[in-house]
Amino acid sequence: MKRALFLIFALVALLLGGLGVVNELRILQRAHASASWPVVKGVFQTVKANNNSPRSTPGKWLAVHYAYEVNGVRYASHSLWPPATLSGMSESEVDRLALQWTSGGPALVSYDPADHAASAVLPGLVPGMIGNLLLALAAFAGGAVMLYLEWPRKAKPRPNT
């Protein structure tokens with residue numbers, strides 16, 4: 001029974017890790033592509049450095065809301081990065097951006113040419129984005145190793161003496 005539970009756990013880790021790797025690679029690909037998106041001038045409606053995280057992770061995070069216009073159509077967003085993640089910024093970077101960006105001030109907004117509603121004020125890849133990919137890879141590799149070590153093997157025939 002223990003062995004069966006171990007194999008089920010290994011399969012779940014392998015499956016969830018694999019799905020996580022695929023998802024994180026798509027996010028990184030989109031973030032990389034955003035570096036070449038067109039840029040328009042927008043306006044920051046709100047910029048706040050908060051100490052109370054909306055997630056369970058402690059520390060500061062930056063909350064922004066901005067508006068921009070493309071081909072006469074007005075859009076609004078709160079995405080810092082293309083995948084709209086909140087992680088990957090140090091507290092000093094949050095403080096620096098909160099001082100640099102002000103409510104009512106100008107915002108350089110990169111927008112997806114295929115979907116003008118998708119935007120970012122920090123386009124491109126940032127080092128903090130790789131953490132989730134590494135966790136997903138670790139889960140996938142751990143599941144694969146557990147399966148390899150515990151998968152049923154054929155018994156070798158014993159030589160007759």
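This is a short tour of the model, stop by stop, with what to select and what you will find there.

Before you click, note that the model is predicted, so local features need pLDDT of at least 70, side-chain atom pairs count only at pLDDT 80 or more, and totals for chains, interfaces and linings use all residues. Residues are numbered from 1 along each chain as its sequence is written, and side-chain values use heavy atoms, with hydrogens and water left out.

**Stop 1: the largest core**

Select Phe 44, Leu 62, Val 64, Tyr 68, Leu 80, Trp 101 and Val 121. In the largest nonpolar core, which has 26 residues, these touch the most other members. A nonpolar core here is a set of buried Ala, Val, Leu, Ile, Met, Phe, Trp, Tyr and Cys residues joined through side-chain atoms within 4.5 Å. Buried means under 20% relative accessible area, exposed over 50%, and partly exposed in between (1.4 Å probe, protein chains only).

Now colour by element: α1, β1 (39-50), β2 (61-70), α2 (91-100), β4 (106-112) and α3 (130-150) each give two or more residues to this core. Helices (H or I, at least four residues) and strands (E, at least two) are DSSP runs, numbered from the N terminus. Which element gives the largest share of this core? That is β2, with five residues.

There is also a second, separate core of five residues; Leu 7, Ala 10, Ala 13 and Met 146 are among them.

**Stop 2: around Phe 44**

Show everything in contact with Phe 44, where contact means heavy atoms within 4.5 Å. Leaving out residues up to four places away in sequence, Phe 44 touches residues including Val 64, Tyr 66, Trp 101, Pro 106 and Val 121.

**Stop 3**

Rings of Phe, Tyr and Trp (its six-membered ring) pair if their centres lie within 6.5 Å; planes under 30 degrees apart count as stacked, over 60 as edge-to-face and the rest as tilted.

The structure holds four aromatic pairs. In one of them, Tyr 66 and Tyr 68 sit 6.1 Å centre to centre with 35° between the planes, a tilted pair. Move on to Tyr 68 and Tyr 75: that pair is stacked because the ring centres are 5.5 Å apart and the planes are at 25°. Are these tyrosines buried or exposed? Tyr 66 is buried at 0% relative accessible area, Tyr 68 is buried at 2%, and Tyr 75 is buried too.

**Stop 4: the salt bridges**

Count a salt bridge when a side-chain nitrogen of Lys or Arg is within 4 Å of a carboxyl oxygen of Asp or Glu. How many salt bridges are there by this rule? The count is two.

Start with Asp 112 and Arg 30, at 3.0 Å, N to O. This one links distant parts of the chain, from strand β4 to helix α1, 82 residues apart. Asp 112 is buried at 11%, while Arg 30 is partly exposed at 32%.

Then pick Arg 96 and Glu 93, whose side chains meet at 3.8 Å, N to O. Both lie in helix α2, three residues apart, so about one helical turn separates them. Arg 96 is partly exposed at 44%, and Glu 93 is partly exposed at 26%.
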